[in-house]
Amino acid sequence: MGCRISSHDLSDSSPSETMFRASQSDQVNFKARLEKKLCLARETPELVFDITQCNLKEIPQGVFVLCKVLRKETLLLSENKLTALVCPGGSLGDLSLLTKLDLRSNRFRKLPDDVYKLENLRELVVSQNQLTTLPPTLNRLRKLEHLDIADNCLKSLEQVSCMLQLRILNVRGNPELRKLPSQLATCDSLVDLVLDIENVQDPSPEVSQRGTLAILQYLATGLPPEGDFTAPDGVIETAIVASEDFLAAERGSGWNNFTETEDKQRVEKFMKLEREALEKNQEIEAKLHMEQQKRREELLKELLHQQTESDQKVFQLQQEKEIDRNRLITDILREEERWNGILDELIALRGAPDPVLLELERVEQEKLLEQLRIHESELRKHEILSAMTDLLANEMNRVISYQEQRDETSRDVLAKECESNDILEAVFRNHSNDKRQIVTEINRDEELQKAAVATLISKNDARSWGLMEQLRIVEGQLAVMSRFEIDKKKLATEEQIQDLAERRLNLTLILVDLLGQQEQRRQQLLDTLASMENSRNDRQDFWLLHYQRLLDDQPEELEFQSVDPLLGYYFLLNGVVHCLPFLSKLWQNKQKTIDTITEEDLIEAGVKKEKDREGIIKSIRDFLEFSRPDTADDLKKPSAPAETPDQESPGKVPEAKSAGGSDNGSEFQEVIAECVVCMDAKIGIIFIPCGHLCVCTGCHQSVSNCPMCRASIDQRIRVIQP
């Protein structure tokens with residue numbers, strides 16, 4: 001058959017028919033039609049399953065299974081609105097018995113890839129759809145004879161190849177199809193190709209007009225076909241007219257218009273034309289067969305040549321591998337012989353090892369150990385570097401976070417500072433008197449700083465500390481005497497009370513003298529502070545700097561601690577109480593005890609005068625003798641004073657052993673007495689001039705005369721240590 005040029009006049013319907021069909025479809029009950037068609041498909045024994053013109057958007061469930069169960073060979077799905085060849089509850093494998101599938105006039109954009117499962121399909125109609133490409137498995141339909149893909153949007157036909165049974169291919173109505181692929185020449189049985197000559201550019205219209213065989217020869221060789229592939233002029237038209245007349249005659253139309261003679265002539269003429277066309281086609285087929293045979297032989301020769309070349313390459317590779325294998329075997333044998341020789345030498349030297357070999361082995365071991373050490377050090381370096389890198393990374397992260405936090409804090413501080421500045425400006429603008437108050441507070445702070453410096457200077461002053469220790473000793477004597485006097489009054493011993501009163505008055509005079517000296521020393525320190533203040537040069541932190549400097553310069557030996565009252569009393573009697581600060585260094589030495597202190601230790605501590613060193617050693621000796629257990633009985637007996645009050649100097653404390661008798665055995669021990677007014681709190685106030693220590697710090701304001709002797713009170717002194 002020749003190549004046919006598509007004509008849309010026969011297939012396309014007129015606008016009036018289309019409008020009529022649309023109006024008619026609006027009035028049809030598609031659901032009832034579908035049910036009717038499904039019922040007919042189930043009930044009738046025909047091999048056709050027809051569900052056309054049912055306005056379907058998807059294939060009803062179970063249609064594929066019904067085709068398999070009822071062994072249908074034709075499935076008609078044309079003139080619907082289908083977009084995919086998918087059926088719920090089934091697969092394309094269920095349509096393996098189909099020989100014809102009609103999908104004409106739907107909305108398919110592509111066909112499924114598993115269309116090859118339609119093993120017995122002979123006719124596939126997918127015209128009047130929206131296909132843009134064909135599935136790559138289409139050429140696996142080995143029995144397909146008729147493929148109609150007209151009126152789509154195809155751009156290529158590369159998938160139509162090696163389809164040996166394909167006879168009719170309709171590709172008309174694809175405006176974007178400009179070229180026919182060379183693979184189409186592999187369809188050996190193709191005899192009818194329907195296309196649009198005005199759209200297809202390759203092959204050219206001249207080749208396309210010469211027929212299907214010319215197109216296939218052009219696609220196979222790439223050259224314009226030679227020879228005459230067209231029938232004689234008027235043969236095909238005459239055959240078509242004869243065919244139409246014959247068909248009309250068969251239907252009984254116009255039978256009476258022809259005579260029997262004309263009918264016979266026409267039949268003979270038609271048979272002659274058919275015979276000539278058949279002979280022409282046989283000649284063309286023979287030529288094509290010869291050309292295909294030549295091309296097949298050329299391909300076989302080329303394949304044989306390629307196979308020979310590949311065999312030669314494989315043989316060369318095998319030879320190279322064999323050479324490498326032989327060389328490797330030779331090397332292995334050579335190394336084996338060398339090692340056998342080495343082993344023989346070692347076995348020969350087993351009885352008496354060679355010193356040279358031992359030395360070489362030792363050297364090699366040392367080299368290996370050195371290499372191991374170097375490797376270990378490198379590993380440690382790498383570990384340290386990695387750890388340092390991690391540490392630096394962490395530190396960098398911390399620094400970055402710190403900087404971010406610092407920036408954020410700085411912004412907050414600046415914002416707060418701006419707010420505080422605004423507040424201060426408003427306050428300064430509205431209240432001018434606040435400046436004076438601020439200046440007063442600053443001055444008050446300076447006074448506090450000045451007082452702190454004065455207190456620290458007083459604490460570090462050895463003379464002040466000595467006066468404080470003397471005051472503490474005198475106050476302890478007065479406390480003992482007051483306690484003893486209260487006990488004696490209960491026993492009504494007037495003579496001893498009078499003796500105690502004289503001693504108490506003497507101690508009161510000494511206390512007043514010591515207080516005067518302490519006040520004098522304080523005034524000297526204040527003068528020192530005044531001279532320091534004159535040289536301050538208007539510094540706001542002047543007193544804080546001096547306070548810190550005094551703390552830094554304070555030696556450890558000036559961190560005074562309270563001494564034993566009895567030891568302090570003996571130091572006072574011997575006139576060396578001012579040397580106690582020099583002895584603090586010796587007392588802080590835990591390896592040095594008081595009974596092991598020598599004159600060299602005193603010189604090293606800073607006591608320069610020999611008289612002071614003798615007084616310190618005598619005071620320590622008296623303290624140790626008094627502290628022995630055999631003197632405990634002597635403490636219970638009262639003793640007379642060593643000298644009269646008139647002979648006593650105001651700087652010494654009279655001996656008061658007779659007033660110190662107590663159950664504890666020492667009048668210098670801490671006296672804990674209750675207030676004679678409230679009978680609850682501890683005593684803490686000394687009355688001057690009588691010297692009684694009998695009231696607490698809370699009750700002394702409520703009395704104007706001494707509760708014990710009824711004497712008038714000129715001065716009240718708070719005790720340091722009662």
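This is a predicted model: local features need pLDDT of at least 70, side-chain atom pairs count only at pLDDT 80 or more; totals for chains, interfaces and linings use all residues.
## Basis

Residues are numbered from 1 along each chain as its sequence is written, and side-chain values use heavy atoms, with hydrogens and water left out. Local features need pLDDT of at least 70, side-chain atom pairs count only at pLDDT 80 or more, and totals for chains, interfaces and linings use all residues.

## Largest cavity

A search of the whole structure finds two cavities of 30 Å³ or more. A cavity is a set of points, on a 1 Å grid over the protein atoms alone, where a 1.4 Å probe fits but cannot get out. Lining residues have an atom within 4 Å of a point. Points are joined across faces, edges and corners, and a volume is the space filled by probe spheres set on them.

The largest cavity has a volume of about 50 Å³. Its lining is A479, S482, R483, I486, A673, E674, V676, I683, L693 and C694. α11 gives the most, with four. Helices (H or I, at least four residues) and strands (E, at least two) are DSSP runs, numbered from the N terminus. By class, the lining has seven nonpolar, one polar and two charged residues. Here Ala, Val, Leu, Ile, Met, Phe, Trp, Tyr, Cys and Pro count as nonpolar, Asp, Glu, Lys and Arg as charged, and the others, Gly among them, as polar.

V171, N174, L177, L195, D196, N199 and V200 line it. They divide into four nonpolar, two polar and one charged.

L195 also belongs to strand β8 (residues 192-195). In a regular strand the side chains alternate between the two faces of the sheet. In β8, D192 and V194 point one way and L193 and L195 the other, and all are buried. Buried means under 20% relative accessible area, exposed over 50%, partly exposed in between (1.4 Å probe, protein chains only). Strand β7 (residues 168-170) pairs with β8 in the parallel sense over three bridges; pairing requires at least two DSSP bridges. V194 is the bridge partner of N170.

Helix α6 (residues 212-221) is mostly covered, with eight of its ten residues buried. These are T212, L213, A214, I215, L216, Q217, Y218 and L219. Just after α6, G222 takes a positive phi of about 80°.

L567 sits in helix α14 (residues 565-573). L567 counts as buried because its relative accessibility is 5%. L567 and R621 are 54 residues apart in sequence and 9.8 Å apart in space, C-alpha to C-alpha.

Methods:
On a 1 Å grid over the protein atoms alone, a cavity is a set of points where a 1.4 Å probe fits but cannot get out, and a pocket is an open set with protein on both sides within 12 Å along at least five of seven lines; lining residues have an atom within 4 Å of a point.
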